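Please look over the model shown here before it is used further. My comments are set out point by point.

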Amino acid sequence: SPASFADVLHRKGGKALDEYTRTIQILQDSLNKDTRLDAARLLGRRFCGIEAVPALSRVLENDDSSHVREEAAYALGRIGSYQGSGDKRGERTERRGFAMQALINAVRPDKSARSDWKVDGAVVTALGRIGDTRAAPALRRLLQLCDSENDDNEREVLAKAVEALGKIGDREAVPGLQKVLEQHRSLAENGGVDECIGGKVVRALGKIGAREARKVLRQVLQSSEYQNLHALAARELGHMPGAGAQTVSALAKALEKHKAQGSVGEAAIDALSAIALSTPSVTDATKDQARNALQKQGVAVRAPTEAPPPLFPLKRMDTTSSVGSDDDTGLDNLLF
């Protein structure tokens, strides 16, 4: 029977090699894929050292087992995001950059260059875990996976790229995320898109938090015919820093339309309450505007809830009346 990882580690023992170095050697030399898998996992979960990055990078590119390549990607993500209490000056930055570059080299937006979708998804997830803005250009290229010819595996990678860009907070990703939302509607009408992608985009825009992201979310609040996306956009707008009169106006119109009924009305109340009780990043005039919008509908300011609305199922809404501010110029023709 194949030797276990512990057996191999014991055989490779010696005074000149510590467990860490031996594990790197096993990853590179073992002919047993399960042993290599265990070695990659150990390097990412126990040691998290920069010395393992070259070996993990080679495995990620060349190993004949997709499971081992996938685990190598996750290990690089853990190494790049690791924050050791005993790190010397600059050591954490060097480790993050080295691991991140190995992962960036493995990002393949060209369909013909891919070998395994689970590996690609692991690479993207690992980059999101590291959270470095230098990975954003590579991740933005993956947003092209929203076209109608892509299958479920490709859309899974797209969803992970969207999440990663949100974690990084990449403002330059907003136009690409906007395009994904446009595609989301056209594909959803034909049953050709994973319904949760729209929700992931809305959440990513909320994390990015820039003025451009708020504009797109206000347009979702106005135009989306999917109830849960509508509600999620409202909630994200309420919890983003720096809300202004345009955001409050859009939320007030949503509340007026839906009252305190259903997920959209509840989300609008939650968002307006969050603004009314907000930190100094919101002006007193905006807070008063939010309170007045609630009072107009006979609703008291309340402590906002933390739980986001569910993404499934996406329910179509009556979109005969518009909700949103009038100043979203340039976004009027967006389809969500």
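The points below go from the overall fold and confidence to individual residues.

1. Basis. This is a predicted model, in which local features need pLDDT of at least 70 and side-chain atom pairs count only at pLDDT 80 or more, while totals for chains, interfaces and linings use all residues. Residues are numbered from 1 along each chain as its sequence is written, and side-chain values use heavy atoms, with hydrogens and water left out.

2. Confidence. pLDDT is the predictor's confidence in each residue, from 0 to 100. The chain has a mean pLDDT of 81, with 77% of its residues at 70 or more. Two stretches should be read with that scale in mind. Over residues 189-194 pLDDT stays under 50, and the model has 12 contacts beyond four places in sequence for them; a contact means heavy atoms within 4.5 Å. Over residues 309-336 pLDDT also stays under 50, and here the model has 79 such contacts beyond four places in sequence.

3. Overall make-up. The chain has 16 helices and 0 strands. Both kinds of element are DSSP runs numbered from the N terminus (helices: H or I, at least four residues; strands: E, at least two). Among contacts in the chain with a separation of 6 or more, 71% join residues 24 or more positions apart.

4. Burial and surface. Of the 336 residues, 50% count as buried. Buried means under 20% relative accessible area, exposed over 50%, and partly exposed in between (1.4 Å probe, protein chains only). The chain exposes about 15,800 Å², of which carbon and sulfur atoms supply 46%. Accessible areas come from the Shrake-Rupley method with a 1.4 Å probe, and for residues only the protein chains shown count as cover.

5. Nonpolar core. The largest nonpolar core has 94 residues, and L56, L60, L103, L127, L139, L177 and L205 touch the most other members. Such a core is a set of buried Ala, Val, Leu, Ile, Met, Phe, Trp, Tyr and Cys residues joined through side-chain atoms within 4.5 Å. L139 is in contact with V124, L127, A161, A164, L165 and I168, leaving aside neighbours within four places in sequence.

6. Helix α6. This helix has 14 residues and reaches 20 Å from its first C-alpha to its last, close to the expected 20 Å at 1.5 Å a residue. The expected span is 1.5 Å times one less than the number of residues. R95, G97, A99, M100, A102, L103 and I104 are buried in α6. The buried residues of α6 pack against α4, α5 (66-81), α7 and α8.

7. Salt bridges between elements. The whole structure holds 17 salt bridges, each a side-chain nitrogen of Lys or Arg within 4 Å of a carboxyl oxygen of Asp or Glu. D132 and R96 form one of them at 3.2 Å, N to O. D132 lies in the loop between α7 (117-130) and α8 (136-141) and R96 in helix α6 (residues 91-104), so this pair ties together parts that are 36 residues apart in sequence. D132 is buried at a relative accessible area of 10%, whereas R96 is partly exposed at 23%. E163 and K200 form another, at 3.0 Å, N to O. E163 lies in helix α9 (residues 152-168) and K200 in helix α11 (residues 196-208), so the pair ties together parts that are 37 residues apart in sequence. E163 counts as partly exposed, at 34% relative accessibility.

8. A salt-bridge network. Salt bridges that share partners join D38, R41, E71 and R78 into one network. Within this group, the side chains of R78 and E71 meet at 3.4 Å, N to O, and both residues are buried.

9. Other residues to check. Where does D170 lie? D170 is in the loop between α9 and α10 (174-188), and counts as buried at 10% relative accessibility. Not counting residues up to four places away in sequence, D170 touches A136, R140, L165 and I208. C48 is in the loop between α3 (33-47) and α4 (53-62). C48 has a positive phi of about 50° although it is not a glycine, and counts as buried at 9% relative accessibility. R22, in helix α2 (residues 19-29), is buried with a relative accessible area of 15%.
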